[in-house]
Amino acid sequence: HLLLGRGEEQTGGRDKDSILADTMEAVIGATFLSAGPDAATDLVLRLTQPLLAEPERYGAAMDPKTSLQELAARVGSLPPQYSVVASGPDHDRRFTATVVVGDVMTNGDGTSKKTAEMAAALSAWHAINNRA
C-alpha cells in the first residue's frame, strides 16, 4: 500500500516508475534493517530469480524498445516505426503510441510518450515472438 498526497494521486503517482522503484527500495531496506542481510538477500533473489530464468522474455519487459528492434532484425523485418498522439488536458495528459513492424501494428498507452512507446513495443514483441 502506498500513501500518496492528493496531487500525486490525481496525476497518476501510483503508476510512476520512480515512485514504485523508491517504494521497492524502501521495502528491501526495511527488510535489511529489521531482519538482517540474509533476509534482504533472500527477498531480492525471490523477486529477481524469475527474471533470470527467462532472460529473453523478461529482457523484453525491461527494455521493450531495444528487444523489439533486435527481434525485428532477427526475423528480417524493417526497424520499428513509432507514432505518438497526446490527449487530455495539460495537467492529466495521456499518450497513445503506435508501433509498426512489418505487418504487425500494436498500440500502447501511458502517462508519458516513453511509457506509451514501451507499452506498444512490448505488445509488438509478444506478437512477433509468438509467431516465431
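**Salt bridges, nonpolar core and helix contact**

A salt bridge joins the side chains of K16 and E8, with an N to O distance of 2.7 Å. The model is a predicted one. In total, the structure holds five salt bridges.

**Salt bridges**

- Of the two partners K16 and E8, K16 is partly exposed, at a relative accessible area of 31%, and E8 is likewise partly exposed, at 27%.
- A salt bridge also links R14 to E9, where the closest N and O atoms are 2.9 Å apart.
- R14 has a relative accessible area of 37% and is partly exposed; for E9 the relative accessible area is 37%, and E9 is partly exposed.
- In the salt bridge between D103 and R131, the closest N and O atoms lie 2.8 Å apart.
- D103 belongs to the loop between β2 and β3 (104-110), while R131 belongs to helix α6, so this pair ties together parts that are 28 residues apart in sequence.
- D103 and R131 are both exposed.

**The largest nonpolar core**

- The largest nonpolar core has 15 residues, and those touching the most other members are L68, V99, V101, A124, W125 and I128.
- Two or more residues of this core come from each of α5 (64-74), β2 (94-101) and α6 (113-131).
- Helix α6 makes the greatest contribution to this core, giving six residues.
- With neighbours within four places in sequence left aside, I128 is in contact with L68, L71, V75, V101 and V104.

**The contact between helices α2 and α3**

- Helix α2 (residues 17-35) and helix α3 (residues 37-53) have axes that come within 6 Å and cross at roughly 145°.
- On the α2 side, the contact is made by M24, V27, I28, T31, F32 and A35.
- On the α3 side, the residues making the contact are P37, A39, A40, L43, V44 and L47.
- Sorted by class, the residues in the contact of α2 with α3 comprise 11 nonpolar, one polar and no charged.

How values were computed
Residues numbered from 1 in each chain as written. Predicted model: local features only at pLDDT ≥ 70, side-chain atom pairs only at ≥ 80, totals over all residues. Heavy atoms only, no water. Core = buried A, V, L, I, M, F, W, Y, C linked by side-chain atoms within 4.5 Å. Buried < 20%, exposed > 50% of the residue type's maximum accessible area, 1.4 Å probe, protein only. Helix = DSSP H or I, 4+ residues; strand = E, 2+ residues; numbered from the N terminus. Contact = heavy atoms within 4.5 Å. Salt bridge = Lys/Arg side-chain N within 4 Å of Asp/Glu carboxyl O. Axes fitted to C-alpha atoms, helices over the stretch in contact; angles between N-to-C directions. Nonpolar A, V, L, I, M, F, W, Y, C, P; charged D, E, K, R; others polar.
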